[in-house]
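Okay, thanks for coming, everyone. I'd like to walk you through one structure today, so let me put the sequence and the model up on the screen.

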Protein chains: 2
Amino acid sequence: MVQKKYTIGVDFGTLSGRAAIIDVASGRELASAVHSYANGVIDERLPGTEIRLEPDWALQDPDDYLEVFKNTIPTVLQESNIDAADIIGIGIDFTACTMLPTTADGIPLCFLPEWRDQPHAWVKLWKHHAAQPEANQLNDTARENGFGELLDRYGGKISSEWFFPKVWQILNEAPEIYGAAGRMIEAADWVVWQLTGAETRNACTAGYKAMWSKQEGFPPKAFFKALDPKLENVVDDKMMREISPLGARAGGLSEEAAEWTGLLAGTAVAIANVDAHVSAPAATVTEPGRMVIIMGTSNCHMVIGQSEQIVPGMCGVVEDGIVPDLPGFEAGQSCVGDHFAWFIENCFPAEYAAEAEKGGLDAHDLLAEKAANLKPGESGLLALDWWNGNRSVLVDVDLTGLLIGATLATKPEEIYRALMEATAYGTRLIVETFRDNSVSVNEIVATGGLPNRNPLLMQIYSDVTGLPIYVAEAEQIGALGSAMHGAVAAGAGAGGYDSIVDAAHKMARLREEGYEPVPEHTAVYDQLFTEYKVLHDYFGRGANDVMKRLKSMKAEILFNK
Amino acid sequence: MVQKKYTIGVDFGTLSGRAAIIDVASGRELASAVHSYANGVIDERLPGTEIRLEPDWALQDPDDYLEVFKNTIPTVLQESNIDAADIIGIGIDFTACTMLPTTADGIPLCFLPEWRDQPHAWVKLWKHHAAQPEANQLNDTARENGFGELLDRYGGKISSEWFFPKVWQILNEAPEIYGAAGRMIEAADWVVWQLTGAETRNACTAGYKAMWSKQEGFPPKAFFKALDPKLENVVDDKMMREISPLGARAGGLSEEAAEWTGLLAGTAVAIANVDAHVSAPAATVTEPGRMVIIMGTSNCHMVIGQSEQIVPGMCGVVEDGIVPDLPGFEAGQSCVGDHFAWFIENCFPAEYAAEAEKGGLDAHDLLAEKAANLKPGESGLLALDWWNGNRSVLVDVDLTGLLIGATLATKPEEIYRALMEATAYGTRLIVETFRDNSVSVNEIVATGGLPNRNPLLMQIYSDVTGLPIYVAEAEQIGALGSAMHGAVAAGAGAGGYDSIVDAAHKMARLREEGYEPVPEHTAVYDQLFTEYKVLHDYFGRGANDVMKRLKSMKAEILFNK
């Protein structure tokens, strides 16, 4: 009998990191442990100082990431009672773009006493939005200087959340930090560096967040020079041109990291990955035609294509971005679970709260129960799901929410259902845009926080899109995906796998029960979607920019208040 | 010293009637009493039977009106300790069109055992909406048969709430009741008949609800014949062509009514009036240029003009309709206080409910307090105030509510304020439509339930319209207005007045504190109103009939459910 082998996946989220130990043969999770970041999201003051941050800033402390390794891996080893010698690999996934400046040796500048009081020395979290001026200028400069095609792979716009706007903000606001930084690096790659002692860069963040492509590499120096002459050599001076494919072996675990974790030095460490993208193979998807949607506060849609296409309004297309050798397409909706949470926080009436308490339900469950009794179209309501702007396909953060059709008889559960339906229409528009541009989507695999607790939402998505929807079995999908990449980094010879496709066949599963579109529902939703599209284009494509005017009026009034 | 004289005003509302005894010299109220209708609004079953009513029906029991006289007048006489000999007149006002079939002698058919089980024998309350098919057919027939100009004075459409659709519904659904009815009469005129023993018809309901005009009388027989040959002689057979001006003496109190009330037989009884219209002189308005708005669940706007004009989308223009010899214009918004009540019932969050309870505030007060801290434009929200359709200027019950500009940071008080603002934009559009059609509006006098408890709403209306707003002093404005008309019916010789203008000078007053537009607010609201108008026209004038399509889809689904 062959000795069982295991890998560890570590999933770095916004507020905590989670490690899970996974059986390589079956994908079964044996133990998991979570460690919350001591400094969490830093958006008011720098820790240990009175230095206040401006609005839209969001930082983190890189030491919190190391603490995740030091706390969670020993715990899962102990809880599972597995011998470290049977752990053949480790993989990690991270939020992105979450980046930091370090010395040439990888020491975060914020660890150094001389820079500790400088906000720009810390990690910029994905949702740090203060580089919007740089993002705007980058997009304008690209278009005005003949580099417009660099934006095509990203829906026509580079987001303020991404790598170069953040780097440029550092240069603009703290040139001394920019100068002191030997490296500018994704936190994903930085933690792998800390595990192995060797710097690597992964294809996923390079492609989706730093404008890299497998064919053309990074943008040319002339582009960076057009932004700012001081940026001309940013790639050569502070990054790496060698980009590693997902699942590759970044190196072996260093002696120091072995001591932190209790694992053996030399254990295979996989190239870093991103939380969303690592989930696709963990949801069984390693081939074209099946869309993965990670449904939580927001939706992230991923599809693997046969060939690279320019699809308007997507977040990005990257060859090797999800699985090796095929283009991975990403699209997104910036507000999904957040819609429902907003509604419950702001519009859940006292009478319903009393009813929920009496029935032992939470607010969501009560609303979902009532909303499930409504037929499609019965509320007479229609919403545009833009409470947090629109990511795909309009790529416009200045759009806002709309609800139409309210009467004096409108009930809270009708609005709640209309918000669910609105997010489903948004997904259908993304699916149709992919299809219209030669990227096939024949079924949906859902994962993330919402699918497991919201069957009504799943049925609505199936009815609205007309597609079958399956749900990934693993609830901690990121940790599983990372462990799968750890198994690939170890390789079949060590008891792992030679490809992520093989790993997915053995380690990833769907739940048995899925969702099929109900034809009568789909017929009604086809009509409602037609109405949605008309409003989507009227408010989203320039016919009436009232949303932007209201938003800029609001900003001006708040600024002068 | 001249002995003080008094009049009694009786205000018949939807659920109860109120009598007040008023000092003719000063307008001061000495006592008032309310009597609730025992059968209230009959919208489920006929009283004392198992006969169920269809949706949209709303009936009343005429005996409830007589009970108001019998209960309230003796009470106010006793409470005020005034000698019946010093009561020189009595006036009434009523909801309209609230109508009933009676015998030729004025006995309600529903009082007769043979008709008591027939719903059509009862009073049809103003909000009986089941005559919509008849209203639609009336409007179509008028336009198709060369009688289109009859609709011009009513914004182009006769409402299902009005007199002839209700009469026609009786003919269509209960021809035996139509045949048995010696009279079809407004409840307003019917109660005056019960007080005096003499049938009269008032100019206000004739003009606003029954298509009568001072110049042309009722529509020609050919029009009624085009509707249905059996209706050809409806005016001659079941109504009266003699229409009496407001403030005229309908007759003296009958012996029987004197017994009911404790007043002296022969006491002057004024021609009937309508609750809204009687309020204009009670709010000091008897001349052109000053708009009266009765603000409650809905808004009713009244302006006196110099000459009759066709103003698009108004509810009606009637010479003698508000004061004698001048045209009275009426417009309306079908949902004002109802908006706020809907919001509080359906969207007032539990957390706020707890805060309100702690502070000893009701929901409205808490929201108004929070909303008052917002600057115009600060919420970034804009709403169309169509939760109950649009009365003026679009005259379209199938329009529905819209909210635009929501974000994840949107708070309940911001939505609440946006709904307030939306009703103010609706009023501004009405004011501008009057002005664009040569009817001047230079200031607003507000009365009704909202002005006294909602100073923020008053300030918003002033800021949005750019007009000063004054508030009528009397809280029971209908009863005061009716008492004023009672004083005019009595005449100066008896200690009353010879005209409603004289009565208004002495008996009606405004509060000292009014509202002036704040220029900075008006500047912001000018921009927001521009946005409102674009959305108003886009959704309300046919560019995108999505609201109607959603509503008809809803109706179909509910019908098939």
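Let's start with helix α21 of chain A, residues 546-560. With 15 residues at 1.5 Å a residue, this helix should span 21 Å, and its end C-alpha atoms are 21 Å apart, so the two agree. The expected span here is 1.5 Å times one less than the number of residues.

Some housekeeping before I go on. This is a predicted model, so local features need pLDDT of at least 70 and side-chain atom pairs count only at pLDDT 80 or more, while totals for chains, interfaces and linings use all residues. Residues are numbered from 1 along each chain as its sequence is written, chains are lettered from A and ligands numbered from 1 in the order written, and side-chain values use heavy atoms, leaving out hydrogens and water.

Back to the helix. Which residues of α21(A) are buried? They are V546(A), M547(A), L550(A), M553(A), K554(A) and I557(A). They cover an arc of only 130° around the axis, which puts them on the same side of α21(A). That arc is taken from the directions from the helix axis to the C-beta atoms. On the other side of α21(A) you find E556(A), F559(A) and N560(A), which are exposed. By buried I mean under 20% relative accessible area, by exposed over 50%, and partly exposed is in between (1.4 Å probe, protein chains only).

So what covers the buried residues of α21(A)? The cover includes β16 (382-384), β17 (401-406) and α20 (519-540) of chain A, and also β16 (382-384), β17 (401-406) and α20 (519-540) of chain B.

That brings us to the interface. Here 54 residues of chain A are in contact with 54 residues of chain B, contact meaning heavy atoms within 4.5 Å. The area buried between chain A and chain B is about 4600 Å², and carbon and sulfur atoms give 62% of it. That's the accessible area (1.4 Å probe) that two parts lose on being put together, summed over both.

Now look at I404(A). Leaving aside residues up to four places away in sequence, I404(A) touches, among others, L382(A) and L535(A), and from chain B F539(B), V546(B), M547(B) and L550(B). I404(A) is also one of the residues that touch the most other members of the largest nonpolar core, which has 150 residues; F434(A), F539(A), I404(B), F434(B) and F539(B) are the others. A nonpolar core is a set of buried Ala, Val, Leu, Ile, Met, Phe, Trp, Tyr and Cys residues joined through side-chain atoms within 4.5 Å.

On to charges. How many salt bridges does the structure hold over all chains? There are 54, a salt bridge being a side-chain nitrogen of Lys or Arg within 4 Å of a carboxyl oxygen of Asp or Glu. Between chain A and chain B the count is 2. R549(B) and E531(A) meet in a salt bridge at 2.4 Å, N to O.

Within chain A, D398(A) pairs with K551(A), their closest N and O atoms being 3.8 Å apart. D398(A) lies in the loop between β16 and β17 of chain A and K551(A) in helix α21 of chain A, so this pair ties together parts that are 153 residues apart in sequence. D398(A) is partly exposed at 35%, and K551(A) is partly exposed at 28%.

V395(A) has a positive phi of about 50° although it is not a glycine. V395(A) is in the loop between β16 and β17 of chain A and counts as buried at 18% relative accessibility.

Definitions and conventions
Helix = DSSP H or I, 4+ residues; strand = E, 2+ residues; numbered from the N terminus.
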